[in-house]
Amino acid sequence: TTALLHDWISYSCFHPDLRADNACAQSAMQPPQWSRRKAKIEQMMDAIKQVSSDIVHDLRTPLTRLQQQLDDIRAARSDAERLDHIDRAFDEAQQMREIFGSMLRISQLEGRAAQSGFASVDLTELLRDLVDTYEPVFEDGGRKLRHEIAADVTLFGDAGLLRQLFSNLLENIIAHTPEGTTAQISLQSTGEGVWQAIVEDDGPGISGEHRPHIFKRFYRVDQ
């Protein structure tokens with residue numbers, strides 16, 4: 001923390017929006033050391049901006065659905081219809097809470113602070129539950145969701161983050177493929193106790209110019 005504070009004081013000496021002359025007098029870094037620290041701080045600031053963008057992106061869909069449910073509650077013509085929309089709105093709010101929780105867990109894991117939340121996860125059951133959840137959604141959108149999931153596959157990890165991972169992939173298929181698309185979730189052995197989980201579809205895919213970047217942190221293709 002002390003090192004970062006010192007870096008920030010040094011950075012503020014040269015940043016036009018953050019300059020503080022009284023703080024600059026405290027900085028005594030040599031140029032080579034300053035260059036390395038400055039680069040790290042700039043990377044940190046870029047990461048903060050990217051995280052903010054990521055939060056907005058991930059919350060946009062559940063917020064839109066929550067607003068729709070609230071509008072439907074207002075327009076409901078019967079108590080039964082109103083209660084149904086209330087339940088749906090609650091589910092959307094819960095999903096937003098889970099997104100925030102997932103982001104917190106990712107931050108903790110990257111800081112190597114919280115593998116204490118890891119436990120034995122039944123990956124077979126997790127994937128089958130997702131199929132049960134998303135199959136009707138795919139059908140409503142004119143798509144198909146097939147599955148080929150091996151039995152009794154477990155691993156050591158974070159069940160919430162794994163569920164978020166596969167949910168994101170399925171949501172992307174729903175959002176970015178045309179009607180008539182077929183998707184498949186498979187869990188299969190590659191031999192010697194190694195298991196492979198695959199989510200794939202026969203849609204248009206990601207254009208070539210984006211493929212080298214899709215595994216970069218926070219990189220997004222919105223088409």
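A polar contact is a pair of N or O atoms within 3.5 Å; within protein, one must be able to donate a hydrogen and the other to accept it, and residues adjacent in sequence count only if both atoms are side-chain atoms. Helices (H or I, at least four residues) and strands (E, at least two) are DSSP runs, numbered from the N terminus.

1. Basis. This is a predicted model, where local features need pLDDT of at least 70, side-chain atom pairs count only at pLDDT 80 or more, and totals for chains, interfaces and linings use all residues. Residues are numbered from 1 along each chain as its sequence is written, and side-chain values use heavy atoms, with hydrogens and water left out.

2. Confidence. pLDDT is the predictor's confidence in each residue, from 0 to 100. The protein chain averages 77, and 69% of the residues score at least 70. Among its elements, helix α1 (residues 2–14) has the lowest mean pLDDT, 45. Strand β2 has the highest, 94. Residues 1–23 stay under 50. The model has 30 contacts beyond four places in sequence for that stretch, contact meaning heavy atoms within 4.5 Å. Residues 25–29 also stay under 50, with nine such contacts. Where pLDDT is low, the predicted coordinates should not be read in detail.

3. Overall build. The protein chain has six helices and five strands. Their order along the sequence is α-α-α-α-β-α-β-β-α-β-β. Of the 223 residues, 26% are buried. Here buried means under 20% relative accessible area, exposed over 50%, and partly exposed in between (1.4 Å probe, protein chains only). Among contacts with a separation of 6 or more, 65% join residues 24 or more positions apart.

4. Helix α5. This helix covers residues 123–140, 18 residues in all. From first C-alpha to last it reaches 26 Å, close to the 26 Å expected at 1.5 Å a residue; the expected span is 1.5 Å times one less than the number of residues. A kink of about 35 degrees lies at Y134, shortly before the proline P136. The bend is the angle between axes fitted to the seven residues ending at a position and the seven starting there. D122 caps the N-terminal end of α5. One of its side-chain oxygens lies 3.2 Å from the backbone nitrogen of T124. Just after the helix, G142 takes a positive phi of about 75 degrees.

5. The buried side of α5. Its buried residues are L123, T124, L126, L127, L130, V131, Y134 and F138. An α-helix has 3.6 residues a turn, so residues three or four places apart point the same way. The cover over the buried residues of α5 includes β1 (119–122), β2 (144–149), β3 (154–157), α6 (159–176) and β4.

6. Helix α6 and D158. Helix α6 has 18 residues and also reaches 26 Å, close to the 26 Å expected. L161, L162, F166, S167, L170 and I173 are buried in α6. D158 sits in the loop between β3 and α6. Its relative accessible area is 11%, so D158 is buried. At the start of α6, a side-chain oxygen of D158 comes within 3.0 Å of the backbone nitrogen of G160. A polar atom of the D158 side chain also lies 3.0 Å from the backbone nitrogen of L161.

7. The β2–β3 loop. Both A151 and D152 lie in this loop. D152 is not a glycine, yet has a positive phi of about 60 degrees. Most residues other than glycine have a negative phi. D152 is exposed, at 71% relative accessible area. A151 is partly exposed, at 46%. Beyond four places in sequence, A151 is in contact with T124 and R128.

8. A183. This residue belongs to strand β4 (residues 182–191). A183 is buried because its relative accessibility is 0%. Outside four places in sequence, A183 is in contact with F138, K144, L145, R146, I173, E200 and D201. Its C-alpha lies 4.0 Å from that of D201, 18 residues away along the chain.

9. Aromatic pair. Rings of Phe, Tyr and Trp (its six-membered ring) pair if their centres lie within 6.5 Å; planes under 30 degrees apart count as stacked, over 60 as edge-to-face and the rest as tilted. A search of the whole structure finds one pair. The ring centres of F118 and F156 are 5.7 Å apart and the planes stand at 70 degrees, so this pair is edge-to-face. F118 is in the loop between α4 (79–110) and β1, and F156 is in strand β3, so the pair ties together parts 38 residues apart in sequence. F156 is exposed, at 58% relative accessibility.
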